[in-house]
Amino acid sequence: MEKLATGLLEEINKICIEYYYFNKTDGIKRIQSIQPQIMEYLEVLIQTLQKNADAEDTVNICNYINGVLEDYFEAVKNDDIVLMIDTVDYGLREVLELCIGEAD
Amino acid sequence: MGDNILNKNLEAMKKWYPEFVNLINEKLETYVKDSGISIEGELSWDDYPIYTVTKGERTLYLTGKRNVSKTLETWKDKVGEVMKEAPVILVGMGSAVYLKALCEWMPRESFIVVYEPCLDIFVKTISEIDLSEEISSRLIAFVVDSINEEELKPIIWKLVNSSTIQFLKTEIHPGYQELFGEKVLECIRLLKDRKDSVFIGLNTEIKFQNSMAANQLINMKYLLEGYNSVSLTKTIDYNKVAILVSAGPSLNDSLEGLKKAKNKAFILAVDTAMKPLLKAGIKPDAFVMIDSAKPTKLLDMEEIRDVPIIVPATANYALIERQRNKKIFYFDGHYLAQAAYLSAGKVLPAAASAGSVSTSGFSLLYKMGFKTVILVGQDLAFTHNRTHADGAHEDKMPEIDTTKYIKVKGNLEEEVPTNEVFKSFLDWFEDYIKGAKEHAEFRVINATAGGAYIEGTEWMDLERAIEENCIEEVNFEERIDAMESDFDEDGKEKVKKFLKDIPDSLKRIKNYSVELRKSYEKIEKMCNNTKLNQDNYLKHLKKVKKLTKKIESEAIYGIVSSTMALQNYIVTSESLYEGSDMKEDGKAIAVQGKNYAEILKYCCEEIIDLTENVYSDL
């Protein structure tokens with residue numbers, strides 16, 4: 001899971017850097033291309049939380065993930081690169097970082 | 001609350017541009033929101049005001065909602081350092097978070113231009129976001145669609161020049177490309193056009209710097225003969241119809257038709273059209289040449305030497321001196337020729353240029369008072385995929401691949417291929433014709449057999465244009481042969497005296513440059529001391545200013561400066577780099593100043609020898 005999260009983060013970093021510094025606006029398509037992996041990660045994360053985490057924490061994190069997904073799909077629907085970058089850089093990133101560095 | 005913030009913002013703007021505030025107030029009286037878009041405001045998770053804009057089926061965020069603060073930090077990093085007095089153009093205002101961020105970290109002396117393509121966003125922002133502190137503490141120029149959008153071009157033209165171009169920053173607010181793509185693109189195109197024109201000017205200046213200096217100095221001998229474009233106008237005593245013949249690819253299709261215009265219209269050719277014309281047996285009444293480094297090969301036909309030439313003093317002297325007929329001058333902004341005329345109590349008449357022999361020729365004809373100008377061979381495009389008429393540069397001009405070129409409206413075809421340079425000349429023609437028509441009765445018939453459509457002209461077949469307009473017979477050659485000098489004997493003596501003083505003027509500049517260097521050395525020494533004596537420092541800066549004024553007041557300075565074009569560019573653009581305090585600034589000024597003084601001395605030395613040789617036998 002950490003490997004999946006790290007891989008997704010690398011891709012997101014690339015997309016965000018190219019958007020911020022080089023004005024590349026193809027981020028939505030590129031993020032959509034890794035959507036299956038994002039969904040896989042979120043599914044496994046939620047299952048793990050349901051098994052191991054405190055109920056309240058689980059609810060909070062799940063609500064947060066719902067918010068991220070809502071914004072994600074809204075960004076796709078409107079082809080809104082600003083919302084998409086905001087969602088993945090500040091929303092999805094936090095969710096991915098939950099599973100990075102766990103092994104340390 | 002909205003009114004309060006609006007009033008505060010307008011009060012702050014009044015300090016800088018009360019007229020703009022009047023325009024805003026006028027607009028607000030009849031303001032109705034655009035039904036095509038709706039704007040919602042909300043607060044980001046970190047409490048910044050942000051907007052979403054709905055247009056049609058889409059709703060777009062103009063700023064992210066989670067972490068605006070971090071986004072602005074990243075943006076600041078991307079924009080990079082902004083130099084003092086450098087222009088920053090922000091396309092799109094949004095909820096002003098980017099504008100406020102800029103104001104926080106940019107030097108106060110930098111200029112911010114905010115172009116807002118959406119009136120609704122502008123009204124919402126100035127009504128809801130307090131920008132009074134930012135607006136009152138620095139100059140921010142707002143250009144808003146439906147209020148003062150016509151000011152965008154003049155502002156860009158003024159701000160973007162050879163000193164500022166490398167420091168210019170342009171940022172497009174997120175979301176604006178998607179929402180207001182056309183207007184954003186228009187703004188970016190204006191910026192690109194301006195940057196291109198600055199670079200073309202700079203490249204031209206650098207390319208021709210040395211030949212221009214030599215040309216001006218040597219051509220003074222011919223200027224002394226006293227023929228100029230006003231004396232030409234008086235001599236030919238005719239202002240009905242002129243034909244400007246350019247060397248566009250369609251000229252070949254017009255040569256037969258042009259024969260019928262001889263002695264029925266004043267025929268002015270551009271230099272590159274001379275060979276094709278003379279080979280077809282058509283001798284123009286005069287031709288115009290502006291190029292300071294024109295290859296002699298392009299005019300190496302014996303018959304060309306007998307056609308009167310109209311030139312600025314910067315044109316290639318090697319070609320001018322070959323001419324056997326009248327050498328007629330006009331003022332193109334390079335001061336030496338004008339100074340020579342003024343010394344005799346006369347004025348050398350001016351014509352605009354825009355960097356092309358066709359635009360110069362056109363301006364000349366307008367200034368000469370012609371009521372109708374017929375354009376021939378003025379393609380401004382690659383008609384038949386060729387750059388010029390056959391015979392201009394080569395006997396048969398090759399075809400080129402124009403598939404990737406920009407397209408413009410054609411005279412005979414729907415679209416024709418052109419390039420940035422031709423397009424800039426096309427824009428010049430259109431602006432010039434528009435301005436000319438506002439001031440005088442002026443008709444432009446475009447009889448170019450192809451090429452780009454020029455707004456303000458009437459396209460007409462050449463045969464018909466000549467038949468309907470070229471009626472009166474005039475022997476222009478005879479009249480020009482009888483042309484008298486604008487200088488009487490006394491005037492000529494005064495001009496000779498002025499020219500003979502040039503070597504001494506150069507020696508004066510050289511001496512000033514030595515003193516200038518010494519002053520800069522003193523400034524540098526002062527700034528290297530631990531404690532800077534401010535009074536002394538300012539005293540020497542004052543001396544530098546005085547010396548610079550003396551140098552620049554010498555009539556020959558323009559020539560010297562033109563030989564330093566590249567060095568000037570480096571020095572003036574480096575002036576925008578700034579040190580962290582007065583001592584650092586002073587050191588930077590001193591280093592630049594010493595370089596400048598050194599180059600100035602060197603250039604003077606180079607030119608003194610030339611002028612002593614050229615004017616010794618006057």
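Mentor: Before we start, a salt bridge here is a side-chain nitrogen of Lys or Arg within 4 Å of a carboxyl oxygen of Asp or Glu. This is a predicted model, in which local features need pLDDT of at least 70 and side-chain atom pairs count only at pLDDT 80 or more, while totals for chains, interfaces and linings use all residues. Residues are numbered from 1 along each chain as its sequence is written, chains are lettered from A in the order in which they are written, and side-chain values use heavy atoms, with hydrogens and water left out.

Trainee: OK, how many salt bridges are there between chain B and chain A?

Mentor: The count between these two chains is four, and one of the four joins A:Asp79 to B:Arg58, where the closest N and O atoms are 3.9 Å apart.

Trainee: And how many residues does each chain bring to the contact?

Mentor: Chain B gives 20 residues and chain A gives 20 residues, with contact meaning heavy atoms within 4.5 Å. Together the chains bury about 1,600 Å², of which 52% is on carbon and sulfur atoms; buried area is the accessible area (1.4 Å probe) that two parts lose on being put together, summed over both.

Trainee: Switching to chain A, where do A:Arg93 and A:Asp89 sit relative to each other?

Mentor: Both belong to helix H5 (residues 81-97) of chain A, and because they are four residues apart there, about one helical turn separates them; helices are DSSP runs (H or I, at least four residues), numbered from the N terminus.

Trainee: Are they buried or exposed?

Mentor: Both A:Arg93 and A:Asp89 are buried, where buried means under 20% relative accessible area, exposed over 50% and partly exposed in between (1.4 Å probe, protein chains only).

Trainee: What about B:Asp486 and B:Lys346, which parts of chain B do they tie together?

Mentor: Their side chains meet in a salt bridge of 3.7 Å, N to O. B:Asp486 lies in the loop between helix H18 (476-481) and helix H19 (489-500) and B:Lys346 in the loop between helix H14 (335-343) and helix H15 (357-367), so the pair ties together parts that are 140 residues apart in sequence. B:Asp486 is partly exposed at 22% relative accessibility, and B:Lys346 is partly exposed at 30%.

Conventions: Helix = DSSP H or I, 4+ residues; strand = E, 2+ residues; numbered from the N terminus.
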